[in-house]
Amino acid sequence: RFGKQSAPTALSHGSDFEKLLCLIEFDTITRTVIDKLVKPILVFTVDGEPEENPRYQKVIKVAIHHFLKHDLDFVFLATNALG
């Protein structure tokens, strides 16, 4: 995605994550071996920009969406400290 075409948002990052889950090249790190379900623990690390910061409502809603859609056991959102 080109930065000039669209500003990154929680929804665009969520959409990118869903596309990543569809790629066969990422199956070994995103899915279980036996039943090919998404692995039950999801860890997101973000830069801390306003559209990515885990304390903002839109980011939390997208994380909840992934949690429910993929029947996850745990979602962890972490942000890098400034500086």
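The legends below describe close-up views of a predicted model.

Residue numbers start from 1 along each chain as its sequence is written, and side-chain values use heavy atoms, with hydrogens and water left out. In this predicted model, local features need pLDDT of at least 70 and side-chain atom pairs count only at pLDDT 80 or more, while totals for chains, interfaces and linings use all residues.

**View 1. Elements of the protein chain.** The protein chain has 3 helices and 2 strands, where helices (H or I, at least four residues) and strands (E, at least two) are DSSP runs numbered from the N terminus. Their order from the N terminus is α-α-β-α-β. Of the 83 residues, 27% count as buried. Buried means under 20% relative accessible area, exposed means over 50%, and partly exposed lies in between (1.4 Å probe, protein chains only).

View 2. I41, V43, F74 and F76 make a nonpolar surface patch of about 390 Å². Strand 1 (41-46) and strand 2 (74-79) are the elements that give two or more residues to the nonpolar patch. Patches are made of residues with over 30% relative accessible area and no salt bridge; like charges are joined within 9 Å and nonpolar side chains (Val, Leu, Ile, Met, Phe, Trp, Tyr) within 5 Å. Accessible areas come from the Shrake-Rupley method with a 1.4 Å probe, and for residues only the protein chains shown count as cover. I41, in strand 1, is exposed, with a relative accessible area of 55%. F74, in strand 2, is partly exposed at 41%. The C-alpha atoms of F74 and L42 are 6.2 Å apart in space, and the two are 32 residues apart in sequence.

View 3. The largest pocket holds about 240 Å³ of space. Pockets are found on a 1 Å grid over the protein atoms alone: a cavity is a set of points where a 1.4 Å probe fits but cannot get out, whereas a pocket is an open set with protein on both sides within 12 Å along at least five of seven lines, and lining residues have an atom within 4 Å of a point. Grid points are joined across faces, edges and corners, and the volume is the space filled by probe spheres set on the points. The lining has 14 residues, of which A10, H13, G14, F44 and V46 lie nearest the pocket centre. Helix 1 (10-22), strand 1 and helix 3 (57-69) each supply at least two lining residues. By class, the lining has 8 nonpolar, 4 polar and 2 charged residues; Ala, Val, Leu, Ile, Met, Phe, Trp, Tyr, Cys and Pro count as nonpolar, Asp, Glu, Lys and Arg as charged, and the others, Gly among them, as polar.

**View 4. Salt bridges.** Side chains of opposite charge can pair when their charged atoms come close. The whole structure has 2 salt bridges, each defined by a side-chain nitrogen of Lys or Arg within 4 Å of a carboxyl oxygen of Asp or Glu. In one, K69 pairs with E18, and the closest N and O atoms are 3.1 Å apart. K69 lies in helix 3 and E18 in helix 1, so this pair ties together parts that are 51 residues apart in sequence. E18 counts as buried, at 17% relative accessibility. D27 and R31 also meet in a salt bridge through their side chains, at 3.6 Å from N to O.

**View 5. Two loop residues with positive phi.** Most residues other than glycine have a negative phi. K36, which is not a glycine, has a positive phi of about 60 degrees. K36 is found in the loop between helix 2 (27-30) and strand 1, and is partly exposed, with a relative accessible area of 45%. D71 is likewise a residue other than glycine with a positive phi, near 50 degrees. The loop between helix 3 and strand 2 contains D71, which counts as exposed at 65% relative accessibility.

**View 6. Two residues of helix 3.** V59 is placed in helix 3 and counts as buried at 11% relative accessibility. From V59 to L77 the C-alpha distance is 9.2 Å, with the two 18 residues apart in sequence. Q57, also in helix 3, counts as partly exposed at 49%.
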